[in-house]
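Subject: Structure handover

Hi,

Here is the structure we talked about. Please open it alongside this note, and my findings follow below.

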Amino acid sequence: MTRSGPGRTVGVHRTSAGRAVTRTLSADPLGGTVRRTVLPSGLRILTEAIPTVRSVSFGVWVSVGSRDETGASAGVSHFLEHLLFKGTNKRSALEISAEIEAVGGETNAFTTKEYTCYYARVLDQDLPLAIDVMCDLVADSVLDPADVETERGVILEEIAMHDDEPGDEVHDLFATAIYGDHPLGRLISGTEETISPMTRRQIQTFYKKRYTAPNIVISAAGNLDHATVVKLVRQALRGTPLDTPAAEPAAPRRATPAAKTRAGRTAVEHKDTEQAHVILGCAGIGRVDDRRFALGVLNNVLGGGMSSRLFQEVREQRGLAYSVYSYASQYADSGVFAVYAGCAPGKVEEVLGLVRAELAEVAANGVTAAELARGKGMAKGSYVLGLEDTGSRMSRLAKGELLFGDLLSVDQLLARVDAVTADEVNALAADLLARPMSLAVVGPFGADDFAASH
């Protein structure tokens, strides 16, 4: 049974005597009834019935990402994500895409540092097809050697394209500054040095070891019937490698020991760009930290919108940058808090000085009552507005199950934000923003240009 806490809706995970176990988790007034079924294999199925729409979003989520890789296998999760669309024992790559597109649907996938998702969005009447295709490609890919070579070239081009986008590259550079050679500090895509020699056997071994029923959550949201979804999933998986003996679902990731972080590092990537891209930040908090709601409010106050302190100071009042914002990334055991700015190379020192001053001001004196109210309003509004489509609701179900082991209803989540106090935000600011900052820069600079920046 999952661990409960204040305001959490908790469901039973355990299977019973080899039978599927179904529980109703909630009946959300902003959506529909949420149900969870745990199959005997340990695979979980969550749905949210939204009868007012005519579409369904269906996703297969796997609790594996780039942080589960060794240095030599960096990028294997992302490589595998590409390959699963290349063909199964039932369908070719063309058939996978053509069957969904023939009914006006769409498919895609993405890999993160802690999970991988494969999803489809279709008309409600075409949900049986989407379930069959998506379950087939995740459960029974053939990983043909010729496809491995084809996708190797595609991924190397993707890596090269990423290197040509300094606004993206600076985020990877910052992660490396904070985490070093820890998997959280590496590129999700891997590098040319790891992708080029990667063998089909390496990928297949990773696939068989990691893509197991207890590590998989299937979620769907839209005009659907839960029992029908469960029936269709079981049919689609029958006879595949995911049709396995009874097992308990995998618990949410709790990385122990926590990922080690580094403080006060500077990383500079020299590129002859017209704009400099800079990130200043520090190690933050993990996603299960009770202060995460206060962090959301603090982030909004500092750099979460056009009314934020950093946007007003750096862009509106001084015109030093077109883009400036703060953000928080959170993992099972760790996280980062950072500020990004894109500006003319000659303005970098001035921008960094303003950012440092603003962070120091909030660390020392906290936020105002008006800022607290605005930050909470932004957090609530962005969350609710972000749940206006079936794809985001499908993701909410899967992430609640996969990352937390439970699901906060929309009302519970809004109540948690409402409960955030000025004292909590200010205490977090005093802790977080006073930490030694690391700096990542991509632009026409050398490392010595920022030697005295700490």
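Is Arg 291 buried, partly exposed or exposed? Arg 291 counts as partly exposed, at 33% relative accessibility. Here buried means under 20% relative accessible area, exposed means over 50%, and partly exposed is in between (1.4 Å probe, protein chains only).

First, the ground rules. This is a predicted model, in which local features need pLDDT of at least 70, side-chain atom pairs count only at pLDDT 80 or more, and totals for chains, interfaces and linings use all residues. Residues are numbered from 1 along each chain as its sequence is written, and side-chain values use heavy atoms, with hydrogens and water left out.

Salt bridges

A salt bridge here is a side-chain nitrogen of Lys or Arg within 4 Å of a carboxyl oxygen of Asp or Glu. By this rule there are 25 salt bridges.

Arg 291 has Asp 431 as a salt-bridge partner, with the closest N and O atoms 3.2 Å apart. This pair links distant parts of the chain, 140 residues apart. Asp 431 is in helix 15 (residues 422-432), while Arg 291 is in the loop between strand 9 (276-283) and helix 9. Helices (H or I, at least four residues) and strands (E, at least two) are DSSP runs, numbered from the N terminus. Asp 431 is partly exposed, at 30% relative accessibility.

Arg 36 and Glu 401 also pair, at 2.8 Å from N to O. They are 365 residues apart: Arg 36 is in strand 2 (residues 33-38) and Glu 401 in helix 13 (residues 390-404). Arg 36 is buried, at 1% relative accessible area. Glu 401 is buried too, at 1% relative accessibility.

Next, Asp 124 bridges to Arg 54, with 2.7 Å between the closest N and O atoms. Asp 124 is in the loop between strand 6 (116-123) and helix 3, and Arg 54 is in the loop between strand 3 (44-49) and strand 4 (55-62), so the pair ties together parts 70 residues apart in sequence. Asp 124 is buried at 13%, whereas Arg 54 is exposed at 55%.

There is also a network of salt bridges. It links Lys 90, Arg 91, Glu 99, Asp 132 and Asp 136.

Surface charge

Asp 163, Asp 164, Glu 165, Asp 168 and Glu 269 form a negative surface patch. Patch residues have over 30% relative accessible area and no salt bridge; like charges are joined within 9 Å, and nonpolar side chains (Val, Leu, Ile, Met, Phe, Trp, Tyr) within 5 Å. Asp 163 is in helix 4 (residues 145-163). Asp 163 is partly exposed, at 31% relative accessibility.

Single residues to look at

Leu 143 is in the loop between helix 3 (127-139) and helix 4. Its phi is near 50 degrees, a positive value in a residue other than glycine. Leu 143 is buried, at 2% relative accessible area.

Thr 261 is in the loop between helix 8 (226-237) and strand 8 (266-270). Thr 261 is partly exposed, at 35%. Its C-alpha is 43 Å from that of Ala 236, which is 25 residues away along the chain. Leaving aside neighbours within four places in sequence, Thr 261 is in contact (heavy atoms within 4.5 Å) with Ile 178, Tyr 179, Ala 283 and Ser 334.

Asn 299 is in helix 9 (residues 292-303). Asn 299 is buried, at 13%.

Best wishes

Terms used:
Accessible areas come from the Shrake-Rupley method with a 1.4 Å probe; for residues, only the protein chains shown count as cover. Lys and Arg count as positive and Asp and Glu as negative; His and the chain ends are not counted. The place of a charge is taken as NZ of Lys, CZ of Arg, CG of Asp or CD of Glu.
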